[in-house]
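Dear colleague,

Please find below the structure that I am handing over to you. I would ask you to look through it before reading the notes that come after it.

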Amino acid sequence: MAKAKSIKKENPAEHYSYSVAWSDDDKAFIARVVEFPSLAAHGNTQEKALREIRTIVEYVLEDLALGQEPIPEPIGRRPYSGKLNLRMSKDLHRRLALESSAQGVSLNNWINKKLARS
């Protein structure tokens, strides 16, 4: 007889973008979630801080759903066109155009290379 596969219930909190950093002021690791900038949690290890913020996000998502409020879409699931309109000073535009010309590439290609290095 074949074993039944266990189906893990998807946890929507897993799809958000988290970061954990040490805080000298708090003497603890502080975890944050990009899509909910007002939320933070702390722990004495990175793992505990991350576990704590994910638990908070689970509660917030439940609360938003119950209140029929909009739920932020995780960054990883947002569509991006790859196009960006950027304003800059005339002097910077001129300097970048000169650099790209000296490198023998388009201005768009040159800016992409510079951004990828940063």
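The model is predicted: local features need pLDDT of at least 70, side-chain atom pairs count only at pLDDT 80 or more, and totals for chains, interfaces and linings use all residues. Residues are numbered from 1 along each chain as its sequence is written, and side-chain values use heavy atoms, with hydrogens and water left out.

The helix α1

Helices here are DSSP runs of H or I with at least four residues, strands are DSSP runs of E with at least two, and both are numbered from the N terminus. The helix α1 has 21 residues. From its first C-alpha to its last, α1 reaches 30 Å, close to the 30 Å expected at 1.5 Å a residue; the expected span is 1.5 Å times one less than the number of residues.

A residue is called buried under 20% relative accessible area, exposed over 50%, and partly exposed in between (1.4 Å probe, protein chains only). In α1 the buried residues are A49, I53, V57, L61 and L64. Seen down the axis of α1, these residues fall within an arc of 110°, so they line one face of the helix. The arc is taken from the directions from the helix axis to the C-beta atoms. The cover over this buried side includes β1, β2 and β3 (36–43). On the face turned away from it, α1 carries the exposed residues E47, R51, Y59, D63 and L66.

The loop after α1

Q68 follows α1 and has a positive phi, near 50°, although Q68 is not a glycine. Its place is in the loop between α1 and α2, and Q68 is exposed, with a relative accessible area of 73%.

I71 lies in this loop too, between α1 (46–66) and α2 (90–103). Is I71 buried, exposed or partly exposed? With a relative accessible area of 42%, I71 is partly exposed. Leaving aside residues up to four places away in sequence, I71 touches Y16, L61, L64 and A65, where contact means heavy atoms within 4.5 Å. Two of these, L61 and L64, are among the buried residues of α1. I71 and V60 are 11 residues apart in sequence, and their C-alpha atoms are 9.2 Å apart in space.

The loop between β1 and β2

K27 is found in the loop between β1 (18–23) and β2 (28–33). K27 has a positive phi of about 55° although it is not a glycine. At 59% relative accessibility, K27 counts as exposed.

With kind regards
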